[in-house]
Amino acid sequence: LWAGQGSWLEQVGRWSSVAFMGRCSYAIYLWHWPLLVLAPWALMHAPFSLAAPYVGERGQRIVVALTCLLLGWLTTRFVEDPIRFSSRWAGLPPRRQAHVWLVALAMVLTAGFVPMQMEQARQRIVAQHVAELESISIDQFPPCLGAGARVNGGRGCHAQTPEALRVPDLAMVGEQKWLGSGCFVHYESDPLALCHYGPESGYTRRLLIAGDSHLGQFIEIYGYLAERNNWRIDFTGMSTCYFTSARKNARCVAWQDFVRHVARENRYDAYLFSHSRSSSYIAREQDKTMPQTIVNGLVGAWNTLPPAPILALVDNPGTGPGRSIVQCYLQHQSDPRLSACDLDRAKAMPFDGSREAAAQLSNVKVIDLTDFYCDDTKCPAVIGNVIVYRDDNHITRTWAKTLAPHLNRAIVAALEEYDAQTDKP
């Protein structure tokens, strides 16, 4: 258009491919945005999901472009041109044409607006329920929400929990990371530090909690545990590192030494440890299997601490690397229970080593909450209307909060059992 007639660009415009694009350009323009939005969605749903790993991002763009061209040509050929060049349409008075267009426009707007408003109203109601549940304190959670639905086999809970409600909102699952603090080492530049919960004096017990992100994901409930029991709780954590004598790297060793230093400087009534089931956190010992290395590392580290009961929290189940649990949620979001995303119990819990290590020491008690996560064969993705996992090995903050009262009872019971066995008053 800028060059005008008679220029070399006019000759380019006469090429059949360019002329085709010009004739179909408006229809292509109308089709391209819906396809750009629908293509990623379609690739997450059967049967297109089977092709998703092979198509890739570049292939997806090519498919969208070719589909736009095809639909643009079909629409131009069989819809746009027949109407534009219709002798019957051209013979209508301008006022009659305007009336027809206004009626058509009103029908299109109504068809799009009414369902949209109904869906938005539904989403607002659900979002309000979700926000209300997220805002209340742990002690005020409905008894059948989340882990509470596992108590007493879940009897009486099914009728109390509407299936239409899922917490947290599906769009926010990936953002359900626990709120980090200065007592957790995420990066090389983060300083080693200790966080404190509960009273500075007058407490009945003082606990040291140390571990990787699988203890860090409970960081928001340590204050609840301290307040509920009048305890003083100290917490320190490090990403991809836990308390073991099995070596990994210098930064991890420095944190492990820090844990020992803190334990020796303070008089603790108990220790609580946990760790990810991932064996990549440590290096296998020479002439030892990885399970032997994990157990030996735990026993070796625990033996370096001042005497006190040790609570070993068995790690939560996980999907394992390579499986995107959030993508599975999105593929099956129409199912309130997301049952297609449930984990196989046997595969969700590789070797942990806590029980085997505890069997070698008299002062270790094992805390296993697996039955809150799993039944005999499956570990559901949704329990008591709460989405359990936010990635392939971490739990959502909401699930952690609903688990808090049950973790509290398990800790108290383990300490009372230890006191009874050692005749401690």
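Two strands are said to pair if DSSP finds at least two bridges between them. Helices (H or I, at least four residues) and strands (E, at least two) are DSSP runs, numbered from the N terminus. This is a predicted model, in which local features need pLDDT of at least 70 and side-chain atom pairs count only at pLDDT 80 or more, while totals for chains, interfaces and linings use all residues. Residues are numbered from 1 along each chain as its sequence is written, and side-chain values use heavy atoms, with hydrogens and water left out.

**The whole chain.** Display the chain as a cartoon; 14 helices and 11 strands are present. Of the 425 residues, 41% are buried; buried means under 20% relative accessible area, exposed over 50%, and partly exposed in between (1.4 Å probe, protein chains only).

**Strand β3.** Select residues 205-211, which form β3. Because 7 of the 7 residues of β3 are buried, the strand is largely enclosed by the rest of the structure. In a regular strand the side chains alternate between the two faces of the sheet. Here R205, L207, I209 and G211 point one way, and R206, L208 and A210 the other. β3 runs parallel to β4, joined by 7 bridges, and L208 stands opposite D234 of β4. β3 also runs parallel to β5, through 5 bridges, with G211 opposite S274 of β5.

**Strand β6.** Move to residues 310-313, the strand β6, which is covered on both faces: I310 and A312 are buried on one side, L311 and L313 on the other. β6 pairs with β5 in the parallel sense over 3 bridges, and L272 stands opposite L311. The chain passes from β5 through α9 to β6 in a right-handed β-α-β crossover (with the strands pointing away from the viewer, the path from the first strand over the helix to the second runs clockwise). β6 and β8 (residues 364-367) also pair in the parallel sense, over 4 bridges, and L311 stands opposite K365 of β8.

**Helix α8.** Select residues 250-265. The 16 residues of α8 reach 22 Å from first C-alpha to last, close to the 22 Å expected at 1.5 Å a residue; the expected span is 1.5 Å times one less than the number of residues. The buried residues of α8 include W255, F258 and V262, and what covers the buried residues of this helix includes β3, β4, β5 and α9. At the start of α8, a side-chain oxygen of N249 lies within 3.3 Å of the backbone nitrogen of R251.

**Helix α7.** Select residues 222-229, where Y222, Y224, L225, A226 and N229 are buried. Just after α7, N230 takes a positive phi of about 60 degrees.

**The nonpolar cores.** A nonpolar core is a set of buried Ala, Val, Leu, Ile, Met, Phe, Trp, Tyr and Cys residues joined through side-chain atoms within 4.5 Å. Which residues have the most contacts inside the largest core? They are F218, Y222, Y329, Y373, W399 and I411, in a core of 62 residues. Helix α14 (residues 397-421) gives the most to this core, with 8 residues. Apart from it lies another core, of 33 residues, among them Y242, W255, W302 and V364.

**A loop residue.** Finish at H186, in the loop between β1 and β2. H186 counts as partly exposed because its relative accessibility is 37%. The C-alpha atoms of H186 and M238 are separated by 6.3 Å, although these residues are 52 apart along the chain.

Methods:
Contact = heavy atoms within 4.5 Å. Polar contact = N/O pair within 3.5 Å; in protein donor to acceptor, adjacent residues only side chain to side chain.
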